[in-house]
Every structure is written in structure tokens, then in C-alpha cells.
Amino acid sequence: MTKKLANLGLYGLGTMGSALALNILDNGFALHVSNRTDSVVADFVTEAGDLAARLTPHNDLDQMALDMPAPRAIILMVPAGAPVDDAIARLIPLLDKGDTIIDAGNADFNDTRRRTGTVEAAGLTFIGMGVSGGEEGARNGPSIMVGGTPQAWGAIRPMIDAIAAKFDGAPCADHLGPDGAGHFVKTVHNGIEYADMQLIAEVYGLMRHGAARAPAEIGQIFEQWDKGALKSYLVEITGIVLQAERDGKPAVDVIQDKAGQKGTGRWTVIEALKMGQSASTIEAAVAARGWSAEKETRGVGEGVLGGHRGAVSLPDGDYEQALLAARIIAYAQGFRILAAASDTYDWNLDFARIAEIWRAGCIIRSALLDDISDAFRGDLPQGQLFLAPTFADTLKAATPALRRVAGAAIAAGHPVPALTGALAFIDTMAQARGTTDLVQAQRDFFGRHGYEDIDGRTGQHGPWWD
Ligand code: NDP
């Protein structure tokens, strides 16, 4: 039976859009669809099979908007940036009061805030919606992070709850705040994803290049780790990927070591820095992807600088513990950025709820998220996740292993920027007095910036001038 709601439309039948459309149809909703290249629409109708009974295809976006009866809710699933602005500009004159435009792609939250203003000035409703889980998630249940007014959320909630991933029967979807809040949380989710992937790759690199172990053997170790404290989607797929073969060779060995990125990791770092935050694990991951793209320079560099990577021999348990400690820091740094944004934009983000809706459907789903939501519902020292008793205990136990892994990697010439970034954060936060006293003195020396002394007196100077 077809379920009733606002008349739903979806524009952009690429990887995510087509999977999300099938999910919506599967859950009993009728759906209008269109795509920039119209031949894709016909292919999609064929792919939909029996579900096509609830499907109304259109040749283009404008025709879809004109043909859909009001009230209309149109989901955009196109690349971030100009394609979203173009679609909005085309839709505004065609839609009526009470209609909603939903950007379900990965948008820069600054754009979402701006677009909310533009769309609402035209008397329409705008929702910025982060969708995580890749193609499989979009098809079978993604984690969904919604930004917009409570009224806008209320109107689409039955559909979103239906298509979202479920954890213990509850939808992994929620309204997180106004305008850009959903896209911001999705961006930071991706930042944590970048960090976790980089940490995993660094540990793999040490086992592979430092100990000359076969990918399949390392894959089996990841498979084991996925049964313990590191249990997570990313560790699980790493185990599968490392054991896969292509043309009789380990699949990873025939893949170019050049990473792509579409912007969410970079946006996380940019927004963090703007708010005076620094997420060392995420920064390291974004930088590592950037450096990886410089394949030719690295080829020349190997000849000029030596390219020697020495042996690293550590027990597997050290790698497991190092990864656990660093992963905790990656999450903690992500939540610190969310906390800063919540203050800056007055969003009142519910961090426990965010951890909960990341427990299924999304790429960073992991066993840690239950403990994270519990920690946020409890008493957090300084509001800091890494100081919550459960994580502080784990960090105290696991940091020595992280130190051994990072130390051995550095000594043998293996780059581990995310592992060392995590360790630097732990070591910084573990010391009440660091070395910025000297930096403050230098600033005062050359720029008369003044400093606060240890008795709390601000605006102090010298004694370095006559
Ligand atoms: P794809 O490249 O698979 O599909 C892109 C879609 O957008 C196609 O329908 C394409 O139409 C359309 N499109 C591209 N350029 C334009 C344009 N200039 N104007 C109008 N339509 C255009 O991308 P994805 O499905 O992977 O990504 C869609 C969105 O979802 C992005 O914002 C992405 O960041 C986000 N996302 C992707 C995830 C993933 O794992 N892939 C996960 C979570 C979010 P055409 O057929 O004509 O080329």
C-alpha cells in the first residue's frame, strides 16, 4: 500500500540518489524522480522493477516540479556547490508556499545557512540533511542528520524514520538543530571517518612495510580486532579488503596509493580552525590524502631522499591498543568541534543523541559509540569525552602501546601523522603546564602583545627591553 505524505520528488539519480530512491519506494512511499541526464531516469525505472509501480519518472527537474501536486518535498542528491544552487534557483519560481527543498548531499554548512535564507525568503522551506552510509546505507538504511525548523522536520519525519537505519529498533535519524546543523554534524562525521581511515592505514602500513606481512594475514588480524574493542564498520571492511585478491594478487597491491577527497574532511578542519579548535587526527588525515595525491613528487623524492623504511617489530596487541587510543582521540576531537560549533551558532546540539544516531547505518559506526553516548549522558569532566572515566581508563592503559607504535614508526622512517597527532594531543592534555610560556614571552618581545602571568595578571610585559 502506498503511504501518504507530502508529494515526494528526488533529483539526482547517481549512486546515492538512486539507492535512496529505492529505499523510499521500498518503504511504501510514492516518489517522483528526475535527473540531469534523462536517459538515467529510464534506466532507473527498469532497475526499480516492481517498485516502479509507485514511481513517477520525469525528464527534467522543472517538469517534475510542475507535474507534482502540492505540497511538494523535493530531495536534491547532486554534488555539493553549484549543482545545488542551480537546482534551487530553478525550483524557487516553480514551487509554492508550503513546499520544501531538501538538500541531502554533502553540503558545506555555510552554504546551507545561506540557502536556508534564500529559500525561506521565497516563502518555501529548506532542509539541510546529512546522509551517511554510502550506497549500501542509502539503499538499506542510512544514518540521517537533519537541520531545519522543527516544523519542517515534523513534516518529513515519518519518511525519514522509515528509511533510516535502525539500532535496537530506533531510527538512526534525528533533527539536530536549525539550518546548517545537520550538514555540519555530517561534515564532522566525515572528518572522524577520514581520521579513522588514516589511522587504520598507518597501522596497516607498519605491519605491511615494517614487518613484510602479507595483506591477507593482516586482514585476518583486522577480522579478529573486529570482534573486540575495535569493532566497527571500517575495521570490518578493512579485514575484507585486505583479504581480497584481484588477478591473483592482493587487491590493495594493484591499487594506486593516491587518495581522493570531495571536501568534507577539509571543511571539518577549516571550520575547526576558525573556531580556535585543532583536531590533529583529522588534520593529519586530510594532509595525508593531499600528500598522497602528489604521486610523482613522491616518486622523485624516493630517489633523492633515500626512501628507506626500516623494520618494525611489535606485538599485534600493541597495534590494536594504539589504534584504540587514537580512535578515541579522533572521536573526542570530532565532538570538541561539534561542541565549539554548538556554542558558536547556538545550536544546543545533543551530543549523546548524535552518538546514538551514528551507531547504525553510517561509516563510523563502532562499538565505541554506545560508551560515547553514555559518557555524554553522564558527568563529563570539563565536558571532555577523553576525560570521561571509561575513556580515561582506556587511554591510560592503551597510550603506552600508542607510544611504542608511534616511536617505532618514527625511528624506522614510516610516516604516521595521525597516530602521532593523537599522541601529541594526549601528551598535551596530560600536562597542566606546557611550553607556551615561552611562546607568550616571544610574542611580547617582538610585538608587545603582553602576557598573563602565573598570578593571573594580564597585560604584563618584559623584562626584555631597556
Ligand atoms: P554521483 O556522482 O554518483 O551522482 C551525481 C548525481 O548528480 C548524478 O545524478 C548526476 O547526474 C548529478 N549531477 C552531477 N552534476 C550535476 C550538475 N551540475 N547539475 C545537476 N545534476 C548533476 O554522486 P553521489 O550519488 O555519490 O553523490 C551525491 C551527493 O551525495 C554528493 O553531495 C555526495 O557528496 C553525497 N554523498 C555521497 C556518498 C557516497 O558514498 N557516494 C555518501 C554520502 C553523501 P548525471 O547522471 O547527469 O551525471
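Predicted model: local features only at pLDDT ≥ 70, side-chain atom pairs only at ≥ 80, totals over all residues.

Colleague: Let us begin with the domains. Which residue ranges does the domain assignment give for the protein chain?

Modeller: The assignment gives domain 1 as 7–179, domain 2 as 187–429 and domain 3 as 436–465. Between domain 1 and domain 2, the C-alpha centres are 31 Å apart. Their contact involves 26 residues from domain 1 and 21 residues from domain 2.

Colleague: How does one read the area buried between domain 1 and domain 2?

Modeller: Buried area is the accessible area that two parts lose on being put together, summed over both. Here the value is about 1700 Å², and carbon and sulfur atoms give 60% of it. On the side of domain 1, Phe-109, Phe-167 and Leu-176 supply 29% of the area buried against domain 2, more than any other three residues.

Colleague: How many salt bridges and polar contacts does the rule find across the interface of domain 1 and domain 2?

Modeller: A salt bridge requires a side-chain nitrogen of Lys or Arg within 4 Å of a carboxyl oxygen of Asp or Glu. The rule finds one salt bridge across this interface. A salt bridge at 2.5 Å, N to O, links the side chains of Arg-353 and Asp-174.

Colleague: Which elements supply at least two residues each of the side of domain 1 that touches domain 2?

Modeller: They are helix H5 (109–121), helix H6 (134–140), strand S7 (143–147), strand S8 (166–167) and strand S10 (173–177). By class, that side of domain 1 has 13 nonpolar, eight polar and five charged residues.

Colleague: Where do Asp-247 and Gln-382 lie, and what are their phi values?

Modeller: Asp-247 has a positive phi, near 50°, and lies in the loop between strand S11 (245–246) and strand S12 (249–250). Gln-382 has a positive phi near 55° and is in the loop between helix H16 (368–377) and helix H17 (389–412). Exposed means over 50% relative accessible area. Asp-247, at 67%, is therefore exposed, and Gln-382 is exposed at 71%.

Colleague: Is Gln-277 buried or exposed?

Modeller: The cut-off for buried is under 20% relative accessible area. Gln-277 has 17% relative accessibility, so Gln-277 counts as buried. This residue is in the loop between helix H11 (264–274) and helix H12 (280–292). Leaving out residues up to four places away in sequence, Gln-277 touches Ala-272, Arg-336 and Ala-340.

Colleague: Which residues is Ile-426 in contact with, leaving aside neighbours within four places in sequence?

Modeller: Ile-426 contacts Ile-329, Leu-395, Thr-399 and Leu-402, with those neighbours set aside. Ile-426 is in helix H18 (residues 417–429) and counts as buried at 13% relative accessibility.

Key:
Residues numbered from 1 in each chain as written. Heavy atoms only, no water. Domains from an automatic or database assignment. Contact = heavy atoms within 4.5 Å. Buried area = accessible area lost by both parts, 1.4 Å probe. Helix = DSSP H or I, 4+ residues; strand = E, 2+ residues; numbered from the N terminus. Nonpolar A, V, L, I, M, F, W, Y, C, P; charged D, E, K, R; others polar. Buried < 20%, exposed > 50% of the residue type's maximum accessible area, 1.4 Å probe, protein only.
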